[in-house]
Amino acid sequence: MIDTLTNIDFTPFYISFKLSLITTLILFVISLPLSWYLSQTKSKYKPFIEAITALPLVLPPSVLGFYILWALSYNSPIGGFFEETFGVSLVFNFTGLVIASCFYSLPFMVQPLQSGFESLDKNMLEASYIAGKGKIQTIFKIALPNIKPALLTALIVTFAHTVGEFGVVLMVGGSIPGETKVASVAIYEFVEIMDYSTAHIYSIIMIIISFLVLLSVYIFNQKNNKKFGI
């Protein structure tokens, strides 16, 4: 076990954290206006948009991964366009992993933010508009500061969920050492070759990381609830 610890390769963890950080930042930019719209709109199309947004929660990763792989491959209109126009391949590289992760983790960013926005006092938002603030100012100066627990939950859970991705990233990115081989894929490969000692170490590290991430969310929410007497 000691020899295994000294020889462990942390590159898959670095790739996982890098992927999670980039995915979380991209999804925050995308999900902020989307979740705000869903929280404020009364459109009859709202359930349709919500269903599409939540689809990755119920779809098997193999199904989602297959269609993302097809959409980004050279044989599809999207993948073919990028390949022919820019000479960029969107599959079996880190770029493909980021795109796939954004689709797969979207609901984990949108739903907490939407719930947070929906819990806001409507009178407070109306007062902001009456005071002459536009929607962007209202979101950043009024809404976001008042939904800190939901915001933190969205960011951390999205990050943690992306770290633990397996099926989608394996199908879209494969297992290229130093580029697309994330920690979850590395664990799967160690199990395949019956290297259970290394698989145990990788898995324990993932468990510890996941536990600490969730613990930080619950501690923050508890302190925030006590602060406001909830």
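**Close-up views of a predicted helical model**

**View 1. Phe 94 in helix H6.** At a relative accessibility of 16%, Phe 94 falls under the 20% limit and therefore counts as buried. This residue belongs to helix H6, which covers residues 94–118, in a model that is predicted. Once neighbours within four places in sequence are set aside, the contacts of Phe 94 are with Ile 15, Lys 18, Leu 19, Ile 22, Glu 179 and Thr 180.

**View 2. The protein as a whole, for orientation.** The secondary structure consists of 12 helices and 0 strands, so that the order of elements from the N terminus on reads α-α-α-α-α-α-α-α-α-α-α-α. The C-alpha trace spans about 65 × 50 × 30 Å along its principal axes, and 41% of the 230 residues are buried. Of the contacts between residues at least 6 apart in sequence, 75% join residues at least 24 apart.

**View 3. Thr 23 in helix H2.** Thr 23 sits in helix H2, which is made up of residues 11–40, and with a relative accessible area of 0% this threonine is buried. A polar atom of the Thr 23 side chain lies 2.7 Å from the backbone oxygen of Leu 19. Beyond the neighbours within four places in sequence, Thr 23 is in contact with Val 98, Ser 101, Cys 102 and Thr 162.

**View 4. The crossing of helices H2 and H9.** Two packed helices are described by the angle between their axes and the distance between the axes. The axes of H2 and of helix H9, the latter comprising residues 148–163, come within 8 Å and cross at roughly 140°, which makes H2 oblique to H9. The crossing of these two helices is right-handed. On the H2 side the contact involves Ser 16, Phe 17, Leu 19, Ser 20, Leu 21, Thr 23, Thr 24, Leu 27 and Phe 28, and on the H9 side these residues meet Leu 151, Leu 155, Thr 158, Phe 159, Thr 162 and Val 163. Sorted by class, the contact of H2 with H9 has 9 nonpolar residues and 6 polar residues, with no charged residues.

**View 5. Thr 53 in helix H3.** Thr 53 is found in helix H3, which runs over residues 46–58, and at 5% relative accessibility this threonine counts as buried. The side chain of Thr 53 reaches the backbone oxygen of Ile 49 at 2.8 Å. With its neighbours within four places in sequence left aside, Thr 53 is in contact with Leu 34, Leu 106, Pro 107 and Val 110.

**View 6. The crossing of helices H7 and H8.** Helix H7 comprises residues 122–130 and helix H8 comprises residues 135–143, and their axes come within 10 Å and cross at roughly 130°. That angle makes H7 oblique to H8, and the crossing in which H7 passes H8 is right-handed. The contact is made by Met 124, Leu 125, Ser 128 and Tyr 129 of H7 together with Lys 135, Thr 138 and Ile 142 of H8. The residues in this contact of H7 with H8 divide by class into 4 nonpolar, 2 polar and 1 charged.

Conventions. Residues are numbered from 1 along each chain as its sequence is written. This is a predicted model: local features need pLDDT of at least 70, side-chain atom pairs count only at pLDDT 80 or more; totals for chains, interfaces and linings use all residues. Side-chain values use heavy atoms; hydrogens and water are left out. Helices (H or I, at least four residues) and strands (E, at least two) are DSSP runs, numbered from the N terminus. Buried means under 20% relative accessible area, exposed over 50%, partly exposed in between (1.4 Å probe, protein chains only). A polar contact is a pair of N or O atoms within 3.5 Å; within protein, one must be able to donate a hydrogen and the other to accept it, and residues adjacent in sequence count only if both atoms are side-chain atoms. Contact means heavy atoms within 4.5 Å. Axes are lines fitted to C-alpha atoms, for helices over the stretch in contact, and angles run from 0 to 180 degrees between N-to-C directions. Angles under 35 degrees count as roughly parallel, over 145 as roughly antiparallel, 65 to 115 as roughly perpendicular and the rest as oblique. A crossing is left-handed if the near helix is turned anticlockwise from the far one by less than a right angle, and right-handed if clockwise. Ala, Val, Leu, Ile, Met, Phe, Trp, Tyr, Cys and Pro count as nonpolar, Asp, Glu, Lys and Arg as charged, and the others, Gly among them, as polar.
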